Amino acid sequence: MKSLAELQALRDKVKTNMGIRADDSGNTRVVVGMATCGIAAGARPVLQAFTEEVAKKNLQNVTIAQTGCIGICQYEPVVEVFEPGKEKVTYVKMTPEKASQIVQKHLINGQVVQEYTIGAVAGSKL
Amino acid sequence: MYRSHVLCCGGTGCTSSGSAKIIEEFEKEIAATGLTEEVKVVKTGCFGLCALGPVVIVYPEGSFYSRVKPEDVKEIVDEHLLKGRIVKRLLYTETVVEDKIKSLDETDFYKKQKRVALRNCGVIDPEDINEYIAYDGYMALGKVLTEMTPEDVIETLKVSGLRGRGGAGFPTWLKWNFAKAQPPGQKYVCCNADEGDPGAFMDRSVLEGDPHSVLEAMAIAGYTIGASQGYIYVRAEYPIAVKRLEIALNQAREMGFLGKNIFETGFDFDIDIRLGAGAFVCGEETALMTSIEGHRGEPRPRPPFPAVKGLFGKPSILNNVETWANIPQIILNGPEWFASMGTEKSKGTKVFALGGKIHNTGLVEVPMGTTLREIVEEIGGGCPNGKKFKAAQTGGPSGGCIPASLIDTEIDYDNLIAIGSMMGSGGLIVMDEDNCMVDIAKFFLEFTVDESCGKCTPCRIGTKRLYEMLDRITRGEGKMEDLDKMEELCYYIKENALCGLGQTAPNPVLSTLKYFRDEYEAHVKEKRCPAGVCKHLLQYQIVADKCKGCTLCARNCPVGAIAGTVKNPHVIDQSKCIKCGACIEKCKFGAIVRK
């Protein structure tokens with residue numbers, strides 16, 4: 001350790017791993033359905049993809065969490081994105097590839113990926 | 001990148017209730033479910049709620065699981081970590097209100113707390129320096145070395161109003177300034193981690209949960225007073241603390257926070273550990289330094305004060321673990337921030353080890369000036385089994401008892417002295433109506449008699465005589481003039497003993513005599529122990545009308561003191577009875593009474 005600046009740089013680097021333990025009430029929450037139906041439909045790789053992408057892009061204000069079954073098992077894997085002060089967005093029939101697109105487009109650029117939302121996929125069927 | 005962190009308490013409290021096994025189970029189950037890449041298990045220091053251990057917190061949800069058993073781990077992994085369903089039955093009940101989950105900060109135990117010295121305990125992995133750095137670790141040292149002069153540091157401490165947390169409450173800046181004013185040359189920085197008060201364990205928790213904060217602060221002190229060597233004097237009875245200190249020292253050396261040319265400023269500083277062998281007197285500063293030198297731990301007269309002539313005859317400062325843990329925060333957040341907490345003459349926060357007859361046994365940190373009532377009733381949850389609060393003992397064997405009538409006292413250094421107790425290191429033992437105050441005074445005296453080093457007469461012989469008088473009173477052999485004699489002897493010891501141990505040893509007797517004189521008088525005049533504790537003043541009797549002659553008591557009496565035939569009332573032979581109370585516990589008919 002040679003200087004204060006070097007220490008600050010190290011701190012900022014290691015801090016990203018600790019964000020998970022901070023108060024996350026102002027964070028965007030990405031919630032992956034991880035009930036039996038979700039896991040069977042492949043929710044695990046989706047969850048992993050979100051975790052990896054968020055880490056890669058160094059997004060500080062995003063919390064990844066899981067939840068149980070929300071009752072639309074035929075559309076699993078289901079992912080819900082909660083942004084503070086905004087309407088919840090529900091993505092369905094997710095894949096790891098779709099997950100990385102959502103991280104880039106929705107979480108970073110703020111554009112909801114309409115084609116993967118439940119409204120677009122299920123359409124008039126719901 | 002992990003999506004979830006599982007924090008298990010690895011403090012001594014939770015370790016003794018089995019947390020090592022829990023951590024092992026978590027690692028096994030997480031591997032079995034294939035979550036190793038996603039979930040990180042972290043062994044932290046003490047969360048403070050030792051009564052509920054082993055404690056586990058799962059992030060990002062912040063779910064607080066208490067009293068976790070190894071067989072519960074699979075359920076937490078399968079339900080919570082895999083499927084995101086919080087295992088409600090294991091949550092700390094305080095956090096579940098009307099089926100909604102509150103955050104830990106909103107619970108009664110944590111709501112009134114302000115964690116400064118304990119800020120990282122239970123939050124970081126104490127064996128990983130990177131986690132300390134992530135929470136601004138060693139930033140204060142960097143700032144001091146590159147941006148501040150030693151004078152700036154002294155001024156900062158002066159404005160902050162920090163006083164020593166080891167007991168006496170001496171202003172920290174003043175102590176440092178004395179040592180700094182000595183001519184340059186070999187000087188030493190020492191850390192007092194010889195926590196000996198029965199019931200106090202805050203220093204242990206800081207060392208176990210956040211060892212780097214102490215190392216960082218000691219290096220700051222080294223720079224300020226011009227010392228290049230530090231010593232941590234820690235009890236050998238704290239194996240976890242010693243192990244984590246060693247790990248922390250090695251990591252700090254590897255990263256260059258200790259050693260030569262720190263932050264390339266030309267400042268050299270290193271720290272060694274010295275183990276104490278468990279003598280209470282070695283917590284006294286001159287005795288501690290004598291012990292580090294390799295001699296028998298005995299105090300020596302002051303002056304010269306250690307700041308002038310201390311360890312190895314060189315200028316030395318000694319601060320307590322909790323004092324050290326506050327210093328990096330004062331540097332980083334500014335002295336005004338620290339001085340904004342607390343009372344006029346006692347700034348900042350104080351850690352208390354809550355013990356005795358209280359619901360939430362554990363470690364709490366509150367701003368100075370918090371009332372005893374807030375600590376005992378709100379944070380501590382009051383006495384269990386609906387018993388009435390009678391007194392609180394602060395300061396261990398050096399302190400005194402605060403009666404229920406003074407429960408609204410705002411706790412700070414000066415208020416405690418004014419009511420005949422002292423802060424001490426912060427042990428806070430709660431007593432209810434079942435505690436006999438004479439017995440309590442006798443307990444602490446027994447401790448000091450045992451721990452007196454024997455160097456000076458007032459302490460060696462005075463405490464022994466005091467103990468004998470107390471013992472006579474608890475046997476019902478005391479006389480009223482003993483009470484006055486005891487008081488006189490107390491003042492004599494206080495004025496004449498060589499070191500802090502002797503000077504404060506009579507405090508438990510004096511304060512109980514002052515506030516609970518009626519209990520002493522009951523023992524002496526009526527030969528009666530009002531709380532029913534002192535065995536010699538008790539009698540167990542069988543009420544013949546209620547006794548069914550079931551023989552259960554006679555069979556359970558360890559000394560065969562109960563005689564009687566089946567279906568006939570039994571009788572206790574008082575000359576044989578050892579008053580163990582086994583019969584009263586076994587009797588199904590409430591036929592045995594204690595008088």
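Start by selecting chain B and colouring by confidence: this is a predicted model, and chain B averages a pLDDT of 93. In that chain, 99% of the residues score at least 70. For the complex, the predictor gives an ipTM of 0.81 and a pTM of 0.88.

**Stop one: a sheet in chain B**

Stay in chain B and pick out β13, β12, β16, β14 and β15. Listed in that order, these 5 strands form an open sheet with mixed pairing. Now look for residues 362-367 (β13) and 401-403 (β15) of chain B, which stand at the edges. Each of the two has a single partner strand, so one side of each is left without a neighbour in the sheet.

**Stop two: β14 and β15**

Next, select residues 389-394 of chain B, which make up strand β14. Which way does β14 pair with β15(B)? The two are antiparallel, with 3 bridges between them. To see a facing pair, click on B:A391 and you'll find B:P403 of β15(B) opposite. As background, strands of a sheet pair through backbone hydrogen bonds, either parallel or antiparallel.

**Stop three: over to chain A**

Hop to chain A and select residues 28-33, strand β1, together with β2(A). These strands run parallel and are joined by 6 bridges.

Finally, highlight residues 62-67 of chain A, strand β2. How many of the 6 residues in β2 are buried? The count is 5, so strand β2 of chain A is mostly covered.

Definitions and conventions. Residues are numbered from 1 along each chain as its sequence is written. Chains are lettered from A and ligands numbered from 1 in the order in which they are written. This is a predicted model: local features need pLDDT of at least 70, side-chain atom pairs count only at pLDDT 80 or more; totals for chains, interfaces and linings use all residues. pLDDT is the predictor's confidence in each residue, from 0 to 100. Two strands pair if DSSP finds at least two bridges between them. Helices (H or I, at least four residues) and strands (E, at least two) are DSSP runs, numbered from the N terminus. A residue is buried if 20 or more other C-beta atoms lie within 10 Å of its own, exposed if 12 or fewer, and partly exposed in between; C-beta atoms are placed from the backbone.
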